[in-house]
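Come along and check each entry against the picture.

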Amino acid sequence: MADDNKKILVVGGGIAGITAALEAAEVGSDVILIERNPYLGGRVAQMYRYFPKLCPPTCGLEINYKRIKGNPRLEVFTQAEVTAVSGQDGDFEVQVEIQPRYVNDKCTVCGKCAEACELEVDNPFNYNMNKMKAAYRPFGSSYPARYALHPDLVSDAAAAKKVADACEYGAIDLDDQARTQTLKVAAIVWATGWDSFDPKDVEYYGTDKHADVITNVMLERLAAPEGPTSGKILKADGNAPSHVVFVQCAGSRDEHHLAYCSGVCCLASLKQATYVREQLPEAKVTICYIDIRTPDRLEDFYTTVQADEGVSFIKSKIADIAAKEGGGLLLNGEDTIAGKRLQLEADLVVLATGLVPNKPGELETDDYGFALPVEGGGQYPAGCVMKPTEVSSTVQDGTAAALQAIQSVRR
Ligand SMILES: Cc1cc2nc3c(=O)[nH]c(=O)nc-3n(C[C@H](O)[C@H](O)[C@H](O)COP(=O)(O)OP(=O)(O)OC[C@H]3O[C@@H](n4cnc5c(N)ncnc54)[C@H](O)[C@@H]3O)c2cc1C
């Protein structure tokens, strides 16, 4: 590694951060990538497939993991967050707090710890729709390829010892502690990404009352083979839906909630319509939209989905979702082209919720919380923390931020 004050710190190990870190490291910079989850990949790792090609995101991620593994200039800390930053362009001091994983690099991911573990906890990778063992690998191809122990397991001495005893490689360290590390770096890339808008505040969708009103990110996990239903798109009662309605702009373009358009939700619903139609050819899909926004060449993807007779589009705003007598859901709204009241029956409703930016440290943000460029340089936002967008433009942002950070190092 080079002089300490020549390093680049990348905060956030989603696709934007991974790209920035790799692009900088592969042209000779020393890079530290920190991620608060126990794995890299961010939200992309939680997608079933991604548009426009509909390939599984694991393909692209695995190539990146291989590049990371093979690059001695790139150091990764997971379960880590920045707690303080001081200094300026070319000379920052950063405090990073790293949480204990309780599993060291002797782990071979054999899974014996999980077999011995009786405690189950909510599975955040599947948006808590199911439980997982408290000795866990976040998902099958997660990087770093290493198990982790949930703190609830470690706080039960007998249960934790049973799990530790099951490990043949001495990989479990129950004395692992949280620690703070001070880093000296020349530049910081903030790639802290986004969280999914929580629709519970939009009362008329009734997410607290109706188990079959879910969000778009949840549908990604329902469709994924490692998801809570092993890839089956099912209602809460375990049966397949026959009519799935997507409600676009759920909370978006609404000054009471998210005043902006997230730019990807239309494409996400079009993509998810293909999941439903492919898996349940008898099921109908209706997409209730204000405007369908599919920029550039992604319009072709819209046209392809439009051609499917099982998918209907209604220009409308849904104003209420109620339980239907005898089961199912009733959506009320207005068909704005026909200029009349709309009533739709459905048995699964997917809310196309938007992207809410995660906090980019102490960087200044716009009115919606998206990071603004930093005057004087030294700190560079990249990806969805800067604007809501899809993966290819996020990758471009990551590369641009890497170039700017390299200039800070060389100044
Ligand atoms: C339902 C849905 C489906 C989508 N499908 C597609 C698709 O098919 N194709 C496509 O191109 N795009 C799709 N997108 C958009 C895509 O998910 C984003 O473009 C992508 O996730 C942006 O990556 P990112 O790295 O900017 O953010 P993220 O993926 O959010 O990664 C940010 C990372 O930073 C970490 N982090 C956050 N805060 C901190 C902190 N303080 N310290 C350390 N780490 C931190 C997070 O844990 C996370 O790992 C979809 C979006 C939605 C809502």
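Predicted model: local features only at pLDDT ≥ 70, side-chain atom pairs only at ≥ 80, totals over all residues.

Residues are numbered from 1 along each chain as its sequence is written, and side-chain values use heavy atoms, with hydrogens and water left out.

**Entry 1: strand S17**

I found S17 at residues 329-335. Strands here are DSSP runs of E with at least two residues, helices are runs of H or I with at least four, and both are numbered from the N terminus. Six of the seven residues of S17 are buried, so the strand is largely enclosed by the rest of the structure. Buried means under 20% relative accessible area, exposed over 50%, and partly exposed in between, with a 1.4 Å probe and protein chains only.

**Entry 2: its partners**

I then checked pairing, which needs at least two DSSP bridges between two strands. S16 (residues 311-323) runs antiparallel to S17, and seven bridges join them. Their hairpin has five residues between the strands, and Gly326 in the turn has a positive phi of about 85°.

S18 (residues 340-346) is also joined to S17 by seven bridges, and these two run antiparallel. Asn332 has Gln343 in S18 as its bridge partner. Four residues lie between the strands in this hairpin, where Gly339 takes a positive phi near 65°.

**Entry 3: the ligand**

Which residues come nearest to the ligand? I listed Glu35, Tyr50, Phe51, Thr389 and Val391, out of 36 residues around the ligand (a heavy atom within 4 Å).

A ligand nitrogen atom is 3.2 Å from a polar backbone atom of Arg36. A ligand oxygen atom is 2.9 Å from a polar backbone atom of Arg43. For Val391, I found 2.7 Å between a polar backbone atom and an oxygen atom of the ligand.

Key:
Polar contact = N/O pair within 3.5 Å; in protein donor to acceptor, adjacent residues only side chain to side chain.
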